Amino acid sequence: QLLKSGIMKNIFLASFTFCILLTFSSCDFVTIPQQGSVGTTGSTGATVQKKVLLEDYTGHKCPNCPSAGVIANSILAANPDKVVAIAVHAGWYATPNTTGTQYLANFQTTAGDAYDTFFDISGTWGNPNGLVDRTQFGTSTSNPVQAPGNWASYVSAELARPALAKIEITNTYNALTRNLSCNVISTFLFDTLSGGPYKLIVLLTQDSIIADQEDGSQYIRNYLHQHVLRDN
(Lines give C-alpha, C1' and ligand atoms only; values in the text may rest on other atoms or scores of the structure.)
Protein backbone atom coordinates (compact mmCIF):
# COMPACT_ATOMS: atom_id res chain seq x y z
CA GLN A 1 0.00 0.00 0.00
CA LEU A 2 1.24 3.49 -0.78
CA LEU A 3 2.80 5.27 2.17
CA LYS A 4 1.87 8.94 1.83
CA SER A 5 3.29 10.28 5.10
CA GLY A 6 6.54 12.26 5.05
CA ILE A 7 9.41 10.67 3.20
CA MET A 8 8.05 7.13 3.60
CA LYS A 9 6.68 6.44 0.14
CA ASN A 10 7.48 2.77 0.05
CA ILE A 11 4.76 0.39 -1.03
CA PHE A 12 3.44 -2.55 0.93
CA LEU A 13 2.71 -4.83 -1.98
CA ALA A 14 2.55 -8.23 -0.36
CA SER A 15 1.04 -9.86 2.68
CA PHE A 16 0.20 -13.42 3.56
CA THR A 17 -1.03 -15.26 6.62
CA PHE A 18 0.89 -17.85 8.64
CA CYS A 19 -1.79 -19.80 10.48
CA ILE A 20 -1.17 -21.59 13.73
CA LEU A 21 -2.17 -24.84 12.01
CA LEU A 22 0.48 -24.17 9.38
CA THR A 23 -2.03 -23.86 6.57
CA PHE A 24 -1.26 -21.37 3.85
CA SER A 25 -3.16 -19.61 1.14
CA SER A 26 -1.66 -20.75 -2.12
CA CYS A 27 -1.94 -17.34 -3.73
CA ASP A 28 -2.89 -13.88 -2.56
CA PHE A 29 -3.26 -10.54 -4.31
CA VAL A 30 -2.59 -7.20 -2.63
CA THR A 31 -2.88 -4.14 -4.81
CA ILE A 32 -2.00 -0.50 -4.43
CA PRO A 33 -4.85 1.91 -3.71
CA GLN A 34 -4.10 4.92 -5.84
CA GLN A 35 -5.33 3.80 -9.26
CA GLY A 36 -7.81 1.11 -10.35
CA SER A 37 -11.01 -0.31 -8.84
CA VAL A 38 -12.34 -3.85 -8.63
CA GLY A 39 -12.34 -5.29 -12.14
CA THR A 40 -10.67 -2.21 -13.60
CA THR A 41 -8.30 -2.81 -16.49
CA GLY A 42 -5.08 -0.79 -16.57
CA SER A 43 -2.88 0.00 -19.56
CA THR A 44 -1.52 -3.57 -19.46
CA GLY A 45 -4.98 -5.02 -20.01
CA ALA A 46 -4.90 -6.95 -16.73
CA THR A 47 -7.94 -7.25 -14.45
CA VAL A 48 -7.12 -7.24 -10.72
CA GLN A 49 -9.06 -7.67 -7.49
CA LYS A 50 -8.51 -4.54 -5.41
CA LYS A 51 -7.38 -4.99 -1.79
CA VAL A 52 -6.95 -2.60 1.13
CA LEU A 53 -4.43 -2.83 3.97
CA LEU A 54 -5.89 -2.27 7.46
CA GLU A 55 -3.37 -1.95 10.31
CA ASP A 56 -4.73 -2.27 13.84
CA TYR A 57 -2.20 -0.99 16.41
CA THR A 58 -2.90 -2.85 19.60
CA GLY A 59 -1.51 -4.50 22.73
CA HIS A 60 -2.49 -7.23 25.16
CA LYS A 61 -2.66 -4.76 28.08
CA CYS A 62 -4.90 -2.33 26.16
CA PRO A 63 -8.44 -2.51 27.62
CA ASN A 64 -10.09 -0.82 24.62
CA CYS A 65 -8.25 -2.77 21.91
CA PRO A 66 -10.51 -5.85 21.73
CA SER A 67 -13.39 -3.64 20.55
CA ALA A 68 -11.16 -2.40 17.72
CA GLY A 69 -10.41 -6.01 16.83
CA VAL A 70 -14.15 -6.65 16.56
CA ILE A 71 -14.44 -3.74 14.12
CA ALA A 72 -11.53 -5.05 12.05
CA ASN A 73 -13.12 -8.50 11.85
CA SER A 74 -16.48 -7.03 10.85
CA ILE A 75 -14.77 -5.15 8.02
CA LEU A 76 -13.11 -8.37 6.87
CA ALA A 77 -16.47 -10.18 6.95
CA ALA A 78 -18.17 -7.40 4.99
CA ASN A 79 -15.43 -7.34 2.35
CA PRO A 80 -14.34 -10.96 1.78
CA ASP A 81 -11.00 -11.27 -0.03
CA LYS A 82 -10.75 -7.50 -0.38
CA VAL A 83 -9.11 -6.44 2.90
CA VAL A 84 -5.81 -7.52 4.51
CA ALA A 85 -5.78 -6.92 8.28
CA ILE A 86 -2.65 -6.79 10.40
CA ALA A 87 -2.59 -6.49 14.20
CA VAL A 88 0.55 -4.54 15.12
CA HIS A 89 1.44 -5.04 18.80
CA ALA A 90 3.59 -2.06 19.77
CA GLY A 91 4.06 0.50 22.53
CA TRP A 92 3.66 0.17 26.30
CA TYR A 93 0.42 -1.83 26.06
CA ALA A 94 2.25 -4.52 24.09
CA THR A 95 5.21 -5.01 26.43
CA PRO A 96 5.29 -8.45 28.09
CA ASN A 97 5.61 -8.84 31.84
CA THR A 98 8.89 -10.24 33.13
CA THR A 99 7.43 -11.54 36.40
CA GLY A 100 4.20 -13.17 37.49
CA THR A 101 1.90 -15.31 35.38
CA GLN A 102 0.03 -12.75 33.27
CA TYR A 103 0.87 -11.03 29.96
CA LEU A 104 4.02 -13.05 29.35
CA ALA A 105 3.52 -13.45 25.59
CA ASN A 106 5.65 -11.18 23.43
CA PHE A 107 4.03 -10.10 20.17
CA GLN A 108 6.30 -7.10 19.63
CA THR A 109 8.46 -6.97 16.50
CA THR A 110 11.23 -4.75 15.22
CA ALA A 111 9.05 -3.87 12.23
CA GLY A 112 5.97 -3.08 14.32
CA ASP A 113 7.96 -0.91 16.71
CA ALA A 114 9.41 1.02 13.76
CA TYR A 115 5.96 1.62 12.23
CA ASP A 116 4.54 2.63 15.62
CA THR A 117 7.40 5.07 16.18
CA PHE A 118 7.19 6.61 12.71
CA PHE A 119 3.46 7.27 12.91
CA ASP A 120 3.73 8.07 16.64
CA ILE A 121 0.64 6.01 17.36
CA SER A 122 1.20 4.74 20.89
CA GLY A 123 3.19 7.85 21.84
CA THR A 124 0.73 10.55 20.76
CA TRP A 125 -2.47 9.06 19.37
CA GLY A 126 -2.79 6.07 21.70
CA ASN A 127 -4.28 2.63 21.25
CA PRO A 128 -6.46 1.54 19.67
CA ASN A 129 -5.84 3.42 16.43
CA GLY A 130 -4.90 2.31 12.98
CA LEU A 131 -4.10 3.00 9.36
CA VAL A 132 -6.10 2.38 6.20
CA ASP A 133 -3.71 2.06 3.26
CA ARG A 134 -1.53 4.53 5.21
CA THR A 135 -3.52 7.27 3.50
CA GLN A 136 -4.81 10.61 4.79
CA PHE A 137 -8.57 11.14 4.74
CA GLY A 138 -10.88 14.07 5.32
CA THR A 139 -9.33 17.45 5.97
CA SER A 140 -6.03 16.05 7.25
CA THR A 141 -3.03 16.68 5.02
CA SER A 142 -0.39 14.92 7.10
CA ASN A 143 -1.95 12.46 9.54
CA PRO A 144 -3.01 9.00 8.32
CA VAL A 145 -3.80 7.70 11.84
CA GLN A 146 -7.49 6.86 12.17
CA ALA A 147 -9.76 5.81 15.05
CA PRO A 148 -11.51 2.44 14.69
CA GLY A 149 -14.85 4.12 14.12
CA ASN A 150 -13.54 5.55 10.85
CA TRP A 151 -12.04 2.36 9.45
CA ALA A 152 -15.10 0.96 7.67
CA SER A 153 -15.93 4.11 5.70
CA TYR A 154 -12.31 4.71 4.73
CA VAL A 155 -11.87 1.09 3.65
CA SER A 156 -14.89 1.54 1.38
CA ALA A 157 -13.36 4.72 -0.03
CA GLU A 158 -10.09 2.94 -0.78
CA LEU A 159 -11.86 -0.02 -2.39
CA ALA A 160 -13.44 2.43 -4.84
CA ARG A 161 -10.02 3.52 -6.07
CA PRO A 162 -8.30 1.85 -9.03
CA ALA A 163 -5.51 -0.70 -8.56
CA LEU A 164 -1.96 0.04 -9.66
CA ALA A 165 -0.44 -3.42 -9.53
CA LYS A 166 -1.17 -7.11 -9.25
CA ILE A 167 0.79 -9.06 -6.66
CA GLU A 168 0.82 -12.85 -6.85
CA ILE A 169 2.11 -14.75 -3.81
CA THR A 170 2.81 -18.47 -3.82
CA ASN A 171 3.79 -20.02 -0.48
CA THR A 172 5.50 -23.40 -0.10
CA TYR A 173 5.91 -24.84 3.39
CA ASN A 174 8.12 -27.82 4.25
CA ALA A 175 6.68 -29.40 7.39
CA LEU A 176 9.78 -31.54 7.90
CA THR A 177 12.31 -28.69 7.90
CA ARG A 178 9.75 -26.02 8.95
CA ASN A 179 11.00 -23.78 6.15
CA LEU A 180 8.72 -21.45 4.25
CA SER A 181 9.46 -20.28 0.71
CA CYS A 182 7.55 -17.31 -0.63
CA ASN A 183 7.52 -16.48 -4.33
CA VAL A 184 6.22 -12.99 -5.16
CA ILE A 185 5.48 -11.73 -8.66
CA SER A 186 4.50 -8.07 -9.11
CA THR A 187 2.97 -6.72 -12.31
CA PHE A 188 2.30 -3.00 -12.61
CA LEU A 189 -0.92 -2.23 -14.45
CA PHE A 190 0.03 1.21 -15.74
CA ASP A 191 2.96 2.24 -17.91
CA THR A 192 3.64 5.47 -15.98
CA LEU A 193 3.58 5.80 -12.19
CA SER A 194 4.34 8.68 -9.86
CA GLY A 195 5.09 8.83 -6.15
CA GLY A 196 8.07 6.47 -6.15
CA PRO A 197 10.47 5.00 -5.31
CA TYR A 198 8.60 1.71 -4.91
CA LYS A 199 9.73 -1.15 -2.71
CA LEU A 200 8.41 -4.64 -2.07
CA ILE A 201 7.87 -5.64 1.56
CA VAL A 202 6.60 -9.07 2.57
CA LEU A 203 4.85 -9.25 5.94
CA LEU A 204 4.41 -12.43 7.96
CA THR A 205 1.36 -12.65 10.23
CA GLN A 206 0.23 -15.40 12.59
CA ASP A 207 -3.39 -16.17 13.34
CA SER A 208 -5.38 -17.82 16.14
CA ILE A 209 -2.94 -17.37 19.02
CA ILE A 210 -4.42 -18.07 22.47
CA ALA A 211 -2.94 -15.72 25.08
CA ASP A 212 -3.80 -13.10 27.72
CA GLN A 213 -5.71 -9.91 26.91
CA GLU A 214 -7.17 -7.04 28.91
CA ASP A 215 -10.75 -6.38 27.77
CA GLY A 216 -12.35 -3.43 29.46
CA SER A 217 -12.12 -4.19 33.18
CA GLN A 218 -11.79 -7.92 32.55
CA TYR A 219 -8.69 -10.07 32.35
CA ILE A 220 -9.07 -12.79 29.71
CA ARG A 221 -6.53 -15.61 29.86
CA ASN A 222 -7.67 -17.46 26.72
CA TYR A 223 -8.16 -14.59 24.27
CA LEU A 224 -8.01 -15.32 20.52
CA HIS A 225 -5.38 -13.07 18.93
CA GLN A 226 -5.76 -12.78 15.16
CA HIS A 227 -3.58 -11.65 12.22
CA VAL A 228 -0.64 -10.76 14.49
CA LEU A 229 2.39 -9.21 12.77
CA ARG A 230 5.41 -11.46 13.36
CA ASP A 231 8.09 -10.25 10.94
CA ASN A 232 8.82 -8.51 7.69
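In which strand is N174 found? N174 belongs to strand 6, which covers residues 165-174, in a predicted model where local features need pLDDT of at least 70, side-chain atom pairs count only at pLDDT 80 or more, and totals for chains, interfaces and linings use all residues. Residues are numbered from 1 along each chain as its sequence is written, and side-chain values use heavy atoms, with hydrogens and water left out. Strands (E, at least two residues) and helices (H or I, at least four) are DSSP runs numbered from the N terminus.

- N174 is partly exposed, with a relative accessible area of 36%, where buried means under 20%, exposed over 50% and partly exposed in between, for a 1.4 Å probe and protein chains only.
- The side chain of N174 reaches the backbone nitrogen of T177 at 3.0 Å.
- Q206, which is found in strand 8 (residues 202-207), is buried, with a relative accessible area of 13%.
- The side chains of Q206 and R230 are joined by a polar contact of 2.8 Å, a term for a pair of N or O atoms within 3.5 Å of which, within protein, one must be able to donate a hydrogen and the other to accept it, while residues adjacent in sequence count only if both atoms are side-chain atoms.

**Strands 2 and 3**

- Strand 2 pairs with strand 3 in the parallel sense over seven bridges, pairing being assigned if DSSP finds at least two bridges between two strands.
- V52 stands opposite V83 in strand 3.
- From strand 2 the chain crosses through helix 1 to strand 3 in a right-handed β-α-β crossover, meaning that, with the strands pointing away from the viewer, the path from the first strand over the helix to the second runs clockwise.
- In strand 3, V83, A85, A87 and H89 point one way and V84, I86 and V88 the other way, and all are buried.

**The second largest pocket**

- About 200 Å³ of space lies in the second largest pocket, a volume being the space filled by probe spheres set on grid points joined across faces, edges and corners.
- A pocket is an open set of points on a 1 Å grid over the protein atoms alone where a 1.4 Å probe fits, with protein on both sides within 12 Å along at least five of seven lines, and its lining residues have an atom within 4 Å of a point.
- Of the 17 residues that line this pocket, D56, G69, Y223, L224 and Q226 are the closest to its centre.
- Helix 1 gives the largest share of the lining, six residues.
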